[in-house]
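User: I am new to this structure and would like a close look at one part of it. Could you walk me through it in a friendly way?

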Amino acid sequence: WWRETYAVWLNSINEGENESDDNRSNEWIAFQSEGIQHLVSPLVGCDVLWDPQWDPKKHAYLNVDEYGDDTSSSPTTINKKNTDDGCHATMEAGSAGAIVDSISLIPGKRILIKDELSLWEDEFWINDRGYDPDAVVDDNDGGGNDENEDGVGNMPFVYGNRRGVPYKLERVSCISTENTNEGSDDMFSVPILLERTIHNQELAWTLGEDFREQIEYEEKLSAVEEALLQS
């Protein structure tokens, strides 16, 4: 990602002209200190604060086992709560959330963002919700929210889980790098070898065509579609 972003920035300042290797070192430093600021739009108020201790109120999802049994192959929510090897985050803006301009989801609209996170070595839980702060709906039309659920009154729900269940991401693989010429100071002239290690073979099919057969992919999608129809 960084190499692609750097290439975009180089083209923007050099108008596509070829650059000598002598200037690339200084340009890389300039990109880190100045260039990246022109390629991203920070979401003001959406920074998160990490803590090894979880908040019983803000991370209430750690107290809930949405499956209601112990048959799940994944670590249960209760077990996750009791471990000490995780880190948990809340928004810097506090429980009130932050209102930002939507760029891709609903261009021209504002969105109230609320977010809590929990991170372990092999799992990442994201309790991300979005509301429309500029509209109010009737309780009878099914689009509103109970004031006690998230403190947003009858703001329409835009995305996330209405029941407060976070997205639960499991680590499938990790990428390690091997520098073939550790003595070089020029990162762009040194070949970098990337190696993928699979951690969860059951989910390896999600990595792309090189890790699955077409029939397996179709079976997985059919199972997801069936589950959505039943929900």
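Analyst: Let's start with a charge over a ring: Lys-168 lies over the face of Trp-125, 4.2 Å from the ring centre. A charge counts as sitting over a ring when NZ of Lys or CZ of Arg is within 6 Å of the ring centre and within 35 degrees of the ring normal. Please keep in mind that this is a predicted model, where local features need pLDDT of at least 70 and side-chain atom pairs count only at pLDDT 80 or more, while totals for chains, interfaces and linings use all residues. Residues are numbered from 1 along each chain as its sequence is written, and side-chain values use heavy atoms, with hydrogens and water left out.

Trp-125 also takes part in ring pairs. Rings of Phe, Tyr and Trp (its six-membered ring) pair if their centres lie within 6.5 Å; planes under 30 degrees apart are called stacked, those over 60 edge-to-face, and the rest tilted. By this rule there are four aromatic pairs. In one of them, Tyr-61 and Trp-125 are tilted, with 6.3 Å from centre to centre and 55° between the planes. Tyr-61 lies in the loop between strand S1 (48–51) and helix H3 (77–82) and Trp-125 in strand S5, so this pair ties together parts that are 64 residues apart in sequence. Here, helices (H or I, at least four residues) and strands (E, at least two) are DSSP runs, numbered from the N terminus.

Another pair is edge-to-face: Trp-120 and Trp-125 are 4.8 Å apart, centre to centre, with 70° between the planes. Tyr-61 is buried at 6% relative accessibility, Trp-120 has a relative accessible area of 5% and is buried, and Trp-125 is buried at 1%. Buried stands for under 20% relative accessible area, exposed for over 50%, and partly exposed for anything in between (1.4 Å probe, protein chains only).

Strand S5 covers residues 123–131, and eight of its nine residues are buried. Two strands pair if DSSP finds at least two bridges between them. Strand S4 (residues 110–119) runs antiparallel to S5 and is joined to S5 by eight bridges; the two form a hairpin with three residues between them. S5 also pairs in the antiparallel sense with strand S7 (residues 167–170), over four bridges, and there Glu-123 stands opposite Glu-170. With strand S6 (residues 157–159), S5 has two bridges, again antiparallel.

A nonpolar core is a set of buried Ala, Val, Leu, Ile, Met, Phe, Trp, Tyr and Cys residues joined through side-chain atoms within 4.5 Å. The largest one has six residues: Cys-46, Met-91, Ala-98, Val-100, Ile-111 and Ile-113. A second, separate core of five residues includes Leu-112, Tyr-131, Val-152 and Phe-157.

Finally, S4 also holds Lys-114, which is buried with a relative accessible area of 5%. Its side chain reaches the backbone oxygen of Ser-95 at 3.0 Å.

Definitions and conventions: A polar contact is a pair of N or O atoms within 3.5 Å; within protein, one must be able to donate a hydrogen and the other to accept it, and residues adjacent in sequence count only if both atoms are side-chain atoms.
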